[in-house]
Amino acid sequence: MYRSIIDANYLVYVLSFLRLILKLFVENITTIDLSILRPNRGIIGDSFIVDITLQGDVGQDGMIIDFSLVKKIIKKEVENLADHVLVIPNDNDSVRLYQSDLRCDVILYSSESEVRSFISAPKKSFLLLNTVDFSIEVLEDALEKHLLNTVPVEIKGLKVSLRHERMSGQSYRYSHGLKKHDGDCQRIAHGHRSAIRIYIDGQQSTQWEAYWAEKWDQCYLVSQDDIISEAMLSACAKAHWHEGLTAHGYLGSQGYFEAMTLTTDTDLIPSDTTVELLAQHIKNIIQLKLPDSAIEVHAYEGIGKGAIA
């Protein structure tokens, strides 16, 4: 009799356990590098670490869902939606959009009603948010809504948390595009929040790090080879051209990309703007000032990756 009571109680315990709704979390499931169109500020590069919390019923196997499966699905969907894109606050009065089936032209006006930024690219280069201005919470909400439509039915709830990398030194937020890249890096307005470390004769130089952090923060970096004349602009770009803009464009494997940015927001680079060549560019500039010094530059491209020159 005692054994049957124990067995019955154990069965109740197991059944109650299987009805539990628990949560899983996956920290640093991926990172995203993007740029943001900010009213009164222009195009700002940024990088985020993505953390995920999932809620669902515990199955007979004692799990909500296999970690490897959910990580694979969510990583892909987050990157497809929000990695290497230009985020647009679609409800802001200073932003104008012209869309066709395949392309989108985006214009940001200054407070003086003058064009500050113009970007023309295939539609997948943009993420449109129904907001007046960007916030991390708005982007998290957009990712959550997208993911809930793509994850397996076992997932009953989902929370996305975005956070910046903790940095102890200098950094900058730049935007660029890489025309020779076969993937999404060719998109003309994506960006990064990047650390910079510079060593002069083996000693870290906080002075030079601060110089580049100030020079390239909230800056668009464009290769001199990508500069185009007013005569080469598309009809929409030409209609919004003014003397204070730097125009650049190129044809990539995903299509034609075109941009106009304020010259004061733009830095011309004599090479492509890969992180390898940016590190070498920084080193070359410092070497002109310090010809007899040993210089080493650690330039990051977003989170946890970069180049040493």
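These legends describe close-up views of one predicted model. Because the model is predicted, local features need pLDDT of at least 70 and side-chain atom pairs count only at pLDDT 80 or more, while totals for chains, interfaces and linings use all residues. Residues are numbered from 1 along each chain as its sequence is written, and side-chain values use heavy atoms, with hydrogens and water left out.

**View 1. An open sheet of 5 strands.** The strand order is β4-β5-β6-β14-β13, with antiparallel pairing. Strands (E, at least two residues) and helices (H or I, at least four) are DSSP runs, numbered from the N terminus. Two strands pair if DSSP finds at least two bridges between them. The edge strands are β4 (95–99) and β13 (245–252), and each pairs on one side only. From one strand to the next, the twist averages 10°. Its axes are lines fitted to C-alpha atoms, for helices over the stretch in contact, and angles run from 0 to 180 degrees between N-to-C directions.

**View 2. The pairing of β4 with β5.** Strand β5 covers residues 103–109. It runs antiparallel to β4, and 5 bridges join the two. Gln99 stands opposite Cys104 in β5. Strands of a sheet pair through backbone hydrogen bonds, either parallel or antiparallel.

**View 3. Ser117 and its contacts.** Ser117 lies in strand β6 (residues 115–122). The residue is buried, with a relative accessible area of 3%. Buried means under 20% relative accessible area, exposed over 50%, and partly exposed in between (1.4 Å probe, protein chains only). Ser117 touches Leu37, Gly42, Ile43, Val106, Ile107, Leu108 and Met260, not counting residues up to four places away in sequence. Contact here means heavy atoms within 4.5 Å. Ser117 and Ile107 are 10 residues apart along the chain, and their C-alpha atoms are separated by 5.8 Å.

**View 4. Helix α3 and its two faces.** The helix has 13 residues (136–148). At 1.5 Å a residue, α3 should span 18 Å, and its end C-alpha atoms are 18 Å apart, which agrees. The expected span is 1.5 Å times one less than the number of residues. Buried in α3 are Leu139, Glu140, Leu143, Glu144 and Leu147. Seen down the axis, these buried residues fall within an arc of 140°, so they line one face of the helix. The arc is that of the directions from the helix axis to the C-beta atoms. Exposed Glu137 and Lys145 sit on the face turned away from the buried side.

**View 5. An aromatic cluster.** Tyr172, Tyr174, Trp208, Tyr211, Trp212 and Trp216 form one cluster. The structure holds 6 aromatic pairs. Rings of Phe, Tyr and Trp (its six-membered ring) pair if their centres lie within 6.5 Å; planes under 30 degrees apart count as stacked, over 60 as edge-to-face and the rest as tilted. Tyr172 and Trp216 form an edge-to-face pair, 5.6 Å centre to centre, with 75° between the planes. Tyr172 lies in strand β9 (residues 171–176) and Trp216 in helix α4, so the pair ties together parts that are 44 residues apart in sequence. Tyr172 counts as buried at 1% relative accessibility. Trp216 is buried too, at 0%.

**View 6. Two loop residues, Asn40 and Gln218.** Asn40 is found in the loop between β1 (21–38) and β2 (42–57). Its phi is near 70°, a positive value in a residue other than glycine. Asn40 counts as exposed at 58% relative accessibility. Gln218 lies in the loop between α4 (206–216) and β12 (219–223). Phi of Gln218 is near 60°, also positive in a residue other than glycine. Gln218 counts as partly exposed, at 25% relative accessibility.
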